Amino acid sequence: MRKLGCLGLLLGLVAIAALFGVAQMWGGRGPLAHPITVQIAPGSSLATASVQLEKAGAIASASRFRLFAKVFGADAPIKAGEYRIPAHLSQADILKVLQGTKTIQRFVTIPEGWPSVLVKDALDKTPGLTGTVPVPEEGSILPDSYAFQRGDSRAFLVKRMQSVMRRYLANAWANRKPGLAVTTPEQALILASIVEKETGKPSERAMVAAVYSNRLKRGMMLQADPTIIYPITKGRPLGRRILLSEVHAVNAYNTYAMVGLPAGPICNPGRASIDAVLNPAPSNALYFVADGSGGHVFADTLEQHNANVAKWRAYRAAHGI
């Protein structure tokens with residue numbers, strides 16, 4: 001009996017040791033020497049993911065991982081996405097990562113007022129995207145931050161951005177103020193692109209929109225400086241002062257040499273500029289000039305405007321601008 005008791009104790013100790021070993025394999029330090037990123041495709045099974053993890057070095061054995069997952073893991077399915085796996089993460093924690101929602105978030109941000117050439121530049125430089133894309137049509141992109149997954153194509157992302165712009169413009173047009181100077185959504189987009197480039201102060205957008213709307217209604221030239229620059233640089237910074245010859249240049253965009261709107265947008269305007277054009281401030285202003293604070297001062301008459309211009313020139317001279 002004593003021998004049987006010792007044998008039972010020995011077997012018990014062996015069983016405990018085995019369980020401890022299994023627990024260590026499942027919950028202990030993993031074999032991964034450095035952090036990696038894994039992309040789990042939509043529709044992937046645990047078996048598919050385990051093989052992928054083994055090839056990446058995150059686990060030692062795909063079959064053992066699946067067995068332990070069935071015995072010790074939760075029943076929740078794994079989720080598609082891109083995951084960051086830290087070095088030496090345990091198999092238990094790797095399963096939790098794949099069953100959770102903490103995927104890597106990748107974004108590309110398009111600021112308000114960017115021309116499409118800069119949109120293309122940003123997409124070309126964004127890691128994780130695939131393929132090439134031509135310069136999008138000007139004004140077709142709604143500025144925002146867009147999430148994507150590694151492996152998404154640049155062309156697909158551009159289509160998403162353009163779809164968001166179409167929906168927003170259609171909804172804004174449907175809720176427009178009556179009696180506007182613009183008569184189509186396309187015209188609204190063109191004017192919004194000018195408003196976007198003329199002021200960086202959100203509080204001024206509706207007033208700038210009012211000035212240009214009033215000018216359109218009166219058949220006056222818009223005389224917007226950014227429309228001079230656009231055909232020269234396609235929206236990139238000019239890097240110098242505008243030349244007198246460029247002010248007088250006749251083309252489809254220069255609103256110093258034509259009455260009405262330019263041939264197309266000169267940038268990708270944001271929501272606020274679109275809204276301002278479709279709901280301009282109630283104002284009779286026809287002119288505006290910089291006021292030295294980053295904003296502008298508005299005038300209803302040329303006489304008022306000339307006085308404001310004189311003040312601006314005096315400010316520039318006093319501050320060496």
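**Ground rules.** Residues count from 1 along each chain as its sequence is written, and side-chain values use heavy atoms, without hydrogens or water. Because the model is predicted, local features need pLDDT of at least 70 and side-chain atom pairs 80 or more, while totals for chains, interfaces and linings use all residues.

**Entry 1, helix pair.** I looked up helix H7 (residues 185-198) and helix H8 (residues 205-218); helices are DSSP runs of H or I, at least four residues, numbered from the N terminus. Their axes come within 9 Å and cross at roughly 130 degrees. Axes are lines fitted to C-alpha atoms over the stretch in contact, with angles from 0 to 180 degrees between N-to-C directions. H7 and H8 are therefore oblique to each other, as angles under 35 degrees count as roughly parallel, over 145 as roughly antiparallel, 65 to 115 as roughly perpendicular and the rest as oblique.

I then listed the contact (heavy atoms within 4.5 Å). H7 brings Leu191, Ile194, Val195, Glu196 and Glu198, and H8 brings Arg205, Val208, Ala209, Tyr212, Ser213 and Leu216.

A pocket is an open set of points on a 1 Å grid where a 1.4 Å probe fits, with protein on both sides within 12 Å along at least five of seven lines; lining residues have an atom within 4 Å of a point. The largest pocket holds about 1200 Å³ of space, the volume filled by probe spheres set on the points. It has 29 lining residues, and Asp225, Tyr256, Phe288, Val289 and Trp312 are the closest to its centre. H12 gives the most to this lining, seven residues.

Conventions: Helix = DSSP H or I, 4+ residues; strand = E, 2+ residues; numbered from the N terminus.
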